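Dear colleague,

I am handing over a structure for you to look at, and below it I set out what was found. Please read the notes slowly with the structure open beside them.

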Amino acid sequence: MQSDEPTAARPTTYIEAMPVRGRISRAQPKGLPIINLGYNELPYGPTPAVAAAIEATGHRVNSYGGPGCDGLRAALGKTYGLDPESLICGNGSEELLDVIGRSFARPGDEILISEFGYIQFQMVAHRAGADLVKAPETDFTTDVDGILSGVSDFTKVIFLANPNNPTGTVLPLSELQRLVDNLRANVVLVIDLAYGEFTGEDYCNAVHAMAQGHDNVIVTRTFSKAFGLAGLRVGWAQVPAWMLPGFYVTRGMGSVNNMAQNAAIAALEDIDLVRERVAEIVSERDRVALALRGMGVSATPSGSNFLMVTVDGQGPEVTEALVEYLFDEGGFVVNRTREAGLEHFMRFCLGTPEQNDQLLDCVQAFVGQTVV
Ligand SMILES: Cc1ncc(COP(=O)(O)O)c(C=O)c1O
């Protein structure tokens, strides 16, 4: 579908503007430093090995990164016990999701996601010109029966983020297995584990094992979240071997730059520190959710590094006011969920313990003055 009536006066585009989430972009009124908790990033700087790799590669920016990301795939294979020949890397997992969409879907095809699925899945469908179909969720969580009954003769790809963004909810492994077992073999299932480390390494390993041997199941991962390399753009995926040659055609050559590849390899060398950081975020997630509950602000159960919360019994206008208050009084940028059915929620990622304390103080002050 074209976004404008055809006209001789200017070119037409197949791409329509899509609503993006509400993030505040005006100046902070009190001149406070901005604390951006709206992008689901990690609040820590590079680990020592990553910092050294960036420094060393800084002198070699004249070189492309190798298109096959061979060293990185080997390191990933070793770390996670996977065959490097089943892996592909991309410019963030976002690029790989797009590669999958462009490889398998065209106008007339359907891409199936769950009701509150990650917004990029919608964009992937739009770029491919495919129809987006949403399956109802239960308790803000993917419903396997809903997904299975959403599969039609036209379904080409199912995208499921686990944990999902923005809800943070996780499908239990048994349910995921039921989906894999009951899905038609000619539908691609993409399990997006961008936040998987915050659910647990056992969970991630089990999902990789589940995918093994299936010619239609892909698992995507990223260095942007648990590894804190969002700015360098490195994602990867475990892919059925037969799909890989086509994916390299779809992806493009210079996708993951040299510095990013070396930094990602170094991050895997520092995996113990990465695990410590993930453990801190998980413990902060539980602490903050509990403290908020005591203030009458409820969080959806989260397996990720973020929380989706609502002020109990209040509507979207109170959420809106809270989002503004956090920015005006604390310099916090959070993410206002505007999807139909999520209007009374906002989403923020966990920061350092100090930042989280400041956020809690700010929410407490807001609730004290606003909620009757
Ligand atoms: C569920 C989910 N998948 C994938 C991504 C893409 O991450 P990246 O492209 O940085 O790997 C994000 C980013 O926020 C996400 O929330």
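How do H11 and H13 lie to each other: roughly parallel or oblique? Before the answer, please keep in mind that this is a predicted model, in which local features need pLDDT of at least 70 and side-chain atom pairs count only at pLDDT 80 or more, while totals for chains, interfaces and linings use all residues. Residues are numbered from 1 along each chain as its sequence is written.

Helices (H or I, at least four residues) and strands (E, at least two) are DSSP runs, numbered from the N terminus. The axes of helix H11 (residues 271-294) and H13 come within 11 Å and cross at roughly 15°, where axes are lines fitted to C-alpha atoms, for helices over the stretch in contact, and angles run from 0 to 180 degrees between N-to-C directions. H11 and H13 are therefore roughly parallel to each other, since angles under 35 degrees count as roughly parallel, over 145 as roughly antiparallel, 65 to 115 as roughly perpendicular and the rest as oblique. Glu284, Val288, Ala291 and Leu292 of H11 meet Pro353, Asn356, Leu360 and Val363 of H13, contact meaning that the C-beta atoms of two residues, placed from the backbone, lie within 7 Å.

H13 (residues 353-370) also meets helix H12 (residues 316-330), and here the axes come within 10 Å and cross at roughly 130°; H12 and H13 are therefore oblique to each other. Among the residues that make this contact are Val318 and Leu322 of H12 and Leu359 and Phe366 of H13.

Turning to the strands, seven of them form an open sheet in the order S2-S8-S7-S6-S5-S3-S4, with mixed pairing; two strands pair if DSSP finds at least two bridges between them. Strand S2 (87-90) and strand S4 (131-135) stand at the edges with a single partner strand each, so one side of each is left without a neighbour in the sheet. The twist from one strand to the next averages 25°. Strand S3 (residues 110-114) and strand S5 (residues 155-161) pair in the parallel sense over four bridges, and Ile113 has Phe159 in S5 as its bridge partner.

Finally, there is the ligand. Of the 13 residues around the ligand, Gly92, Glu94, Ala194, Thr222 and Ser224 come nearest, a residue being near a molecule if its C-beta atom, placed from the backbone, lies within 6 Å of it. Helix H3 (residues 92-104) gives the most to this shell, with three residues.

Best wishes
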